[in-house]
Amino acid sequence: MPITFQREKSAGKARTGRLVTPHAVIETPVFMPVGTVATVKGVPQDILEDLGAQIILGNTYHLYLRPGVETVRRMGGLHGFMSWRRALLTDSGGFQVFSLSELRKITEEGVTFRSHLDGSSHFFTPESAIEAQIGLGADIIMAFDECTEYPADAARLRASMELTARWAARSKKYFEEHKNEVPWRTASGFRLSASGNSHVGTAAIGCAGERELAGDAAELRSAGQPRAAVPTCSGQTQALFGIVQGGMDRALRKESAERTIEIGFPGYAIGGLSVGEPRELTREIVESTLEHLPEDKPRYLMGVGTPEEIVEYANLGVDMMDCVLPTRAARHGLLFTSEGKVSIKQARYAQDSGPLDPNCGCRVCQRYSRAYLRHLYASNEVLAQVLNTIHNLSFYLDTMQRVRHSISLGEVSRFLSGVWSQRKA
RNA sequence: GCACAGGUGGGUGAGUGGUUAAAGCCGACAGACUGUAAAUCUGUUCCUCCUAGCGAGGUACGGAGGUUCGAAUCCUCCCCUGUGCA
């Protein structure tokens, strides 16, 4: 079994669940911080754990370019390399097909990228993307897709969706043939760490199937002790998720969902949104696409959203979301709070001795003033990025926790303009 | 005292007769950011007025005069700064 997903409570279309992965049991709906290059920018792994991050993202394209998949594999996979004990998900590089549009060329076989680092040329195929993701060893990996740009005409949307469908089948085929080669399932992934930096590579490896995990501080500490023994995740492999495309066309979304389901995956993602379309349209497409996805499988909405939006999508029945917004905005001085958005760089906060968010329990709001945070930002201090990111992630993760709590009570919660409201589902 | 080199908008620093209210950078002030080419990007940054525009005036390149159709740019004198020599 790759992963299991157990639905628990529900409220309207929203549901809570437990997603059991090799490295963590994830409570859903979940927000997944993005750590593209094996780091959630600005935040150390131990703090991410404290904040309650259950699963974070890495990116295949970026890690393939630097430091290279083989390097990561030898370090015990991405878990060992970055010393992350909980769950990981890698994006396939499909999004880079979209975001690096000026540096790539697409054919039926795959995509040629010109590296944004040194201009060198690299060819990605569904097979190579999966191979790389197996080498990285995340708990959940993604099919190689084409994230279609917006706007796109009907012919373009259909062709792109069909390409993604063919690539999904190839992704799955390759994965099925090689899924036992994950670094944390093979001895080679540990040999290096046993002889060298013993705490690297092994300490970070733990298996949800053998120990109870995430959120348990004692367990996390014990996991930090160097061990010679090689932990194995017996019977567990990575999970490969399929991705639904189809742009803003409901019929194409339905067809894409059906074709992806026919190939068969343990989880389904909705891709191709948040690519410049109006937010209302995003919501409509999410809502209509979800109708065609199986209820007993996790549904992952890729690349969203604001705090208000992630609450909204969870209410629509989305189980997993990721977004660079909290981390990127934090580095740019935009902070999300229970009272709305705060642009901490503004002059009005220069003498503000109050906390960033009086209703937030995070370590930043508990300790520092707005005036200090503004000063750090204005002074271009790295601590500004660190503290801002910690707060934003804390706010997102707390928001999702609140959503899970509401659903478990059979309530639908909303977070609009900084105000929470509840109603019986 | 003599000899050089300089004095430009909040700072730095281009510009050496005409699209120059004056480049660029920094600072300041706003805005953007949604599977991360992002510690990034965009806009504004002398004053006044309005029909708010590649709009109309005004003031401005140490000071005062002068040459010229036209001067931050050329000339004269003065003031100030730096370096060197006495």
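# Reading a protein model with RNA strand B

Me: How many C-beta neighbours does F98 have inside 10 Å, and how is F98 classed?

Reply: Burial is judged by counting other C-beta atoms, placed from the backbone, within 10 Å of a residue's own: 20 or more is buried, 12 or fewer exposed, and in between partly exposed. F98 has 18 such neighbours inside 10 Å, so F98 counts as partly exposed. This is a predicted model, in which local features need pLDDT of at least 70 and side-chain atom pairs count only at pLDDT 80 or more, while totals for chains, interfaces and linings use all residues. Residues are numbered from 1 along each chain as its sequence is written, and chains are lettered from A and ligands numbered from 1 in the order in which they are written.

Me: What percentage of contacts in chain A join residues at least 24 apart?

Reply: Counting contacts between residues at least 6 apart in sequence, 70% join residues at least 24 apart. Chain A has 425 residues, 51% of them buried, and holds 17 helices and 18 strands.

Me: Why is I270 classed as buried?

Reply: I270 has 27 other C-beta atoms within 10 Å, so I270 is buried. I270 sits in strand β12 (residues 268–270). Apart from neighbours within four places in sequence, its contacts are V244, V286, T289, L301 and M302. I270 and M321 are 51 residues apart in sequence and 9.8 Å apart in space, C-alpha to C-alpha.

Me: Which residues touch the most other members of the largest nonpolar core?

Reply: In soluble globular proteins, nonpolar side chains tend to be buried together. A nonpolar core is a set of buried Ala, Val, Leu, Ile, Met, Phe, Trp, Tyr and Cys residues joined through C-beta atoms within 7 Å. The largest one here has 115 residues, and M32, I55, I56, F241, A269, L301 and M321 touch the most other members. Helix α17 gives the most to this core, with ten residues. Not counting residues up to four places away in sequence, F241 touches I140, M142, A143, F265, G267, Y268, A269 and Y300.

Me: What is the strand order in the open sheet of three strands?

Reply: Strands pair if DSSP finds at least two bridges between them. The order is β1-β2-β3, with antiparallel pairing. β1 (4–11) and β3 (25–28) stand at the edges with a single partner strand each, so one side of each lacks a neighbour in the sheet. Four bridges join β2 (residues 14–20) to β3, and V20 has V25 in β3 as its bridge partner.

Me: How many residues surround RNA strand B?

Reply: A residue is near a strand if its C-beta atom, placed from the backbone, lies within 6 Å of it. RNA strand B is surrounded by 48 residues, the closest being H116, C147, S274, G303 and G305. Elements giving two or more residues to this surface include α5 (94–99) and α17 (382–408).

Definitions and conventions
Contact = placed C-beta atoms within 7 Å.
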